Amino acid sequence: MKYTLDDVYGSAGKELTDKMLAVVGKENIVECFYKPNKGLDNKRPYDLCHEGNSGKLERAIMDILTAAHGG
């Protein structure tokens with residue numbers, strides 16, 4: 001199945017997807033969302049959202065964003 005940015009918005013919601021876009025960019029978000037991530041215990045961001053654990057994903061994204069801005 002070929003996923004799209006709209007699928008990511010549907011799974012993660014607008015706020016979280018916008019944060020992910022700030023980290024990985026529009027050209028990479030779909031692949032990153034459906035690919036296992038070592039920083040997320042080898043889970044896909046998609047899995048965390050569907051397990052009701054999107055808070056873990058959001059914390060990881062915010063850690064990246066605040067470090068990138070000297071926070």
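1. Start with the middle of the fold. The largest nonpolar core has 14 residues, and L16, M20, F33 and L57 touch the most other members. Core here means buried Ala, Val, Leu, Ile, Met, Phe, Trp, Tyr and Cys residues joined through side-chain atoms within 4.5 Å. Helices α1 (5-12), α2 (14-24), α3 (29-33), α4 (45-50) and α5 (54-68) are the elements that give two or more residues to this core. As general background, nonpolar side chains in soluble globular proteins tend to be buried together.

2. Before you read on, a word on the source: this is a predicted model, where local features need pLDDT of at least 70 and side-chain atom pairs count only at pLDDT 80 or more, while totals for chains, interfaces and linings use all residues. Residues are numbered from 1 along each chain as its sequence is written, and side-chain values use heavy atoms, with hydrogens and water left out.

3. Now the layout. The chain has five helices and zero strands, with helices (H or I, at least four residues) and strands (E, at least two) taken as DSSP runs numbered from the N terminus. The radius of gyration of the chain is 11 Å, close to the 11 Å from the globule rule for 71 residues, so the chain is as compact as a globular protein of that length. That radius is taken over C-alpha atoms, and the rule is 2.2 Å times the number of residues to the power 0.38. Along its principal axes, the C-alpha trace spans about 40 × 25 × 20 Å.

4. How much of the chain is buried? Buried residues make up 25% of the 71, where buried means under 20% relative accessible area, exposed over 50% and partly exposed in between (1.4 Å probe, protein chains only).

5. Back to M20, one of those core residues. Leaving out residues up to four places away in sequence, M20 touches V8, A12, G25, I29, F33, L57 and I61; contact means heavy atoms within 4.5 Å.

6. G25, on that list of M20 partners, sits in the loop between α2 and α3. G25 counts as buried because its relative accessibility is 17%. From G25 to K56 is 31 residues in sequence and 20 Å in space, C-alpha to C-alpha.

7. Have a look at K19 too, which is in helix α2. This lysine has 18% relative accessibility, so K19 counts as buried. Which residues does K19 touch, not counting those up to four places away in sequence? They are E58, I61, M62 and L65.
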